[in-house]
Amino acid sequence: MLLTCSPLIAWADAEQATQALNLTKHWVGYLAIGIFAVAYLLAMTEEVTELNKSKPMVLAASLIWAFIAGIYMNNGMSEQAGHAFRACLEGYAELFLFIMVSMAYLNAMEDRGVFDNLRVWLLSKGFSYRKLFWITGIMSFFMSSVCNNLTTALLMGAVIAAMGKENRKFVTLACINVVVATNAGGSFSPFGDITTLLVWQSGVVPFKDFYSLFIPAVVNFALPAIIMHFWIPKQQPAAVGKAPKMKRGAMTMIVLFLLTIITAVCFENMLKLPPAAGMLAGLTYLKFLGFYLQKTADKDNGKISDFAHVYKLFNVAVPDARPSQKFDVFKSVATLEWDTLLFFYGVMISVGGLSFIGYLTMASDVLYVGMDPTIANIVVGVLSAFIDNGTIMFAVLTMHPDISQGQWLLVTLTAGVGGSLLAIGSAAGVGLMGQMKGLYSFSAHLKWMPVILIGFFGSIATHFLINGSYF
């Protein structure tokens with residue numbers, strides 16, 4: 001579990017043996033806060049500066065821990081700082097391996113044409129703008145519970161752009177709907193978002209309890225969608241042709257991906273091993289499938305070459321089966337979102353450093369001692385509209401406040417869906433802004449924030465109404 005390998009438990013054990021230094025009022029502490037703030041500001045303005053968000057965050061993490069280690073070395077406590085850093089790094093390693101396998105599967109399915117097939121299938125049905133608004137929203141909601149919200153949002157964004165190219169109003173509202181839907185759908189599943197994944201791997205919420213957030217998540221998505229529905233044009237865009245045929249092995253990959261998720265759940269629940277171990281076992285399923293596809297692709301090419309003279313006789317180009325059959329699993333790994341993965345390294349290591357300095361203990365006292373837990377968790381949700389929800393959730397987990405199971409579920413919900421309040425609050429929103437330049441923007445999303453707030457508070461009220469037994 002992530003939390004048992006994270007700074008929280010490891011540092012608590014270390015502090016029992018040797019008291020950690022309190023650097024919250026030391027120049028190193030102030031400098032660490034400044035470094036983190038500047039790095040995060042640069043990461044948030046990635047679209048403007050065109051500087052990859054991982055660069056400032058990884059540098060910030062390195063600088064923060066370098067200054068911490070220097071102070072501890074001067075005090076003859078260098079081993080304690082080293083243990084703390086390694087504990088934080090181990091926690092990130094579990095998260096990295098989990099996401100790496102998930103992204104590898106998604107890239108492999110994209111290579112096999114799974115997502116292109118789905119996109120063109122939707123376009124070929126001749127749905128009206130209002131129907132497409134609901135279809136893309138509902139599909140985003142359920143897909144993001146298994147896939148990451150960025151991939152889901154970009155896929156649906158491609159559908160919306162293709163069908164709404166003649167109607168800007170539809171595109172803007174449909175994109176807002178997709179952002180809300182992906183964040184809501186990811187909030188009730190351990191696999192849906194970095195937020196829920198962190199909570200699940202920490203062990204504070206059991207796997208099955210996440211699904212108690214399903215109805216609150218539906219409310220969060222449905223309330224804004226119902227209101228926006230009346231502003232969607234009633235016209236019907238022109239349909240396109242039939243969906244292309246998927247490459248061989250596509251359906252098998254989908255099944256293996258689901259089997260991989262089941263394996264990860266079994267490893268955690270039955271064997272008490274980290275979910276990342278089950279995901280890595282699932283990666284071998286994909287590797288064996290890739291081996292099979294490579295071997296059989298050669299045979300298929302041989303069969304086609306036997307008839308090459310027939311194709312030439314009728315002046316027809318000889319088909320090449322190799323591009324559609326050849327598959328290399330390591331290419332799927334090579335094309336991961338490395339910038340995102342390194343960004344989370346920088347965030348987690350930096351937040352771990354700030355926690356080791358003592359700032360998160362102070363923040364925990366302000367939020368969970370000075371405030372009612374419900375108010376504190378709502379504040380966390382609002383903050384996730386400005387700061388990446390994964391960062392916020394990791395900070396809360398590192399604070400490890402003494403709250404009930406119902407409150408842990410509440411903060412999981414608010415941190416997940418709070419990112420929908422602003423376009424910059426989630427990877428889905430940021431990704432769509434880059435994909436839909438001129439059609440979906442920060443200001444366009446901001447106009448509908450009051451409507452999204454209705455869903456935000458509606459989901460909180462629903463959680464208290466139906467999940468009262470957890471409090």
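Helix axes here are lines fitted to C-alpha atoms over the stretch in contact, and angles run from 0 to 180 degrees between N-to-C directions. Helices are DSSP runs (H or I, at least four residues), numbered from the N terminus. This is a predicted model: local features need pLDDT of at least 70, side-chain atom pairs count only at pLDDT 80 or more, and totals for chains, interfaces and linings use all residues. Residues are numbered from 1 along each chain as its sequence is written, and side-chain values use heavy atoms, without hydrogens and water.

**Helix packing**

- Helix 7 (residues 129–143) packs against helix 11 (residues 214–229) at about 160 degrees, with the axes 11 Å apart.
- Contact (heavy atoms within 4.5 Å) involves R130, F133, W134, G137, I138, F141 and F142 of helix 7.
- Helix 11 contributes F214, A217, V218, F221, A222, A225, I226, M228 and H229.
- By class, this contact has 13 nonpolar, two polar and one charged residues.

**Second largest pocket**

- A pocket is an open set of points on a 1 Å grid over the protein atoms alone, where a 1.4 Å probe fits, with protein on both sides within 12 Å along at least five of seven lines; lining residues have an atom within 4 Å of a point.
- The second largest pocket holds about 460 Å³ of space, the volume being that filled by probe spheres set on the points.
- Its lining has 18 residues, with F36, L360, I387, I392 and A395 nearest the centre.
- Helix 20 gives the most to this lining, with five residues.
- The lining is 17 nonpolar, one polar and no charged residues by class.

Conventions:
Helix = DSSP H or I, 4+ residues; strand = E, 2+ residues; numbered from the N terminus. Nonpolar A, V, L, I, M, F, W, Y, C, P; charged D, E, K, R; others polar.
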